[in-house]
Amino acid sequence: MLEKGFSEAVVRFFILQSHYASTLDFSSVALSASEKGYEKLMAAMETLEKIKTSKTSTVDIEALKTKCYDSMNDDFNTPILIANLFEGVKIINSINDGKNTISEADLTLLKTTMNSFVFEVLGLKQVEKPANDDVSDEIMQVLISMRKEAKASQNYSLADEIRNNLTRIGITLKDSREGTSWKKD
């Protein structure tokens, strides 16, 4: 059993980190590690869109592109490709931090290379970010208030119905002296 659910993109990334002819170590620990790597890669892809150019480059993007193609030509070696993409992540972060510079032409090549291999070759996708938590909290406060009013007017069947419906969708209410709190299971 897995400790938690993982997005399809994370599972895909996990599988691609092993050569297709090798055995997978399918565990929560391995998937969690893949999730961290996937998030780092996707954060770099977002940063890539915000990078500023300079007149000259201090990084060799053509070499990165060649390494990525070479890994695919080596029996579709996705683990090596991913390692090369993480070299691209280091380049992106170093440019963003001002430690390196990149010309406009090299930035275009870097964007094309990273986008081609991350999204088209590996088929990875950005995981949709969850809805605004502030809105969720506001909605939950309305439901908690309705349940509190139902209990105050001794309409216990409505109060129980609210709690049961929330439990059914994976939300737990906890009553205490300070009030009612909630958490998503």
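## The loop between α3 and α4

Phe 76 is found in the loop between α3 and α4, where helices are DSSP runs of H or I with at least four residues, strands are DSSP runs of E with at least two, and both are numbered from the N terminus. In this predicted model, local features need pLDDT of at least 70 and side-chain atom pairs count only at pLDDT 80 or more, while totals for chains, interfaces and linings use all residues. Residues are numbered from 1 along each chain as its sequence is written, and side-chain values use heavy atoms, with hydrogens and water left out.

Phe 76 has a positive phi of about 50° although it is not a glycine. Asp 75 is found in the loop between α3 and α4 (78–96), and has a positive phi of about 60°, although it is not a glycine either. Most residues other than glycine have a negative phi. With a relative accessible area of 38%, Phe 76 is partly exposed; buried means under 20% relative accessible area, exposed over 50%, and partly exposed in between (1.4 Å probe, protein chains only). Asp 75 counts as partly exposed because its relative accessibility is 43%.

Thr 78 lies in helix α4. Its relative accessibility is 3%, so Thr 78 counts as buried. Leaving aside residues up to four places away in sequence, Thr 78 touches Leu 16, Ser 18, Met 72 and Leu 122, a contact being heavy atoms within 4.5 Å.

Thr 47 has its place in helix α2. Thr 47 is buried because its relative accessible area is 17%. Ile 92 and Asn 96 are touched by Thr 47, again not counting residues up to four places away in sequence.

## The loop between α2 and α3

Lys 55 is found in the loop between α2 (28–48) and α3 (61–73). The relative accessibility of Lys 55 is 83%, so this residue counts as exposed. In sequence, Lys 55 and Ser 103 are 48 residues apart, yet in space they are 5.3 Å apart, C-alpha to C-alpha.

## The strand pair

Strand β1 (residues 171–176) pairs with strand β2 (residues 179–184) in the antiparallel sense over 6 bridges; two strands pair if DSSP finds at least two bridges between them. Ile 171 stands opposite Lys 184 in β2.

## The chain as a whole

The secondary structure of the chain comes to 7 helices and 2 strands. Along the sequence these follow the pattern α-α-α-α-α-α-α-β-β. The chain is more spread out than a compact globule, because its radius of gyration is 24 Å, well over the 16 Å that the globule rule gives for 185 residues. That radius is taken over C-alpha atoms, and the globule rule is 2.2 Å times the number of residues to the power 0.38. The C-alpha trace spans about 75 × 45 × 25 Å along its principal axes.

Of the 185 residues, 34% count as buried. Among contacts between residues at least 6 apart in sequence, 70% join residues at least 24 apart. The accessible surface comes to about 12,000 Å², of which 52% belongs to carbon and sulfur atoms; areas come from the Shrake-Rupley method with a 1.4 Å probe, and for residues only the protein chains shown count as cover.

There are 23 positive and 28 negative side chains, and the centres of the two sets lie 5 Å apart. Lys and Arg count as positive and Asp and Glu as negative, whereas His and the chain ends are not counted. The place of a charge is taken as NZ of Lys, CZ of Arg, CG of Asp or CD of Glu.
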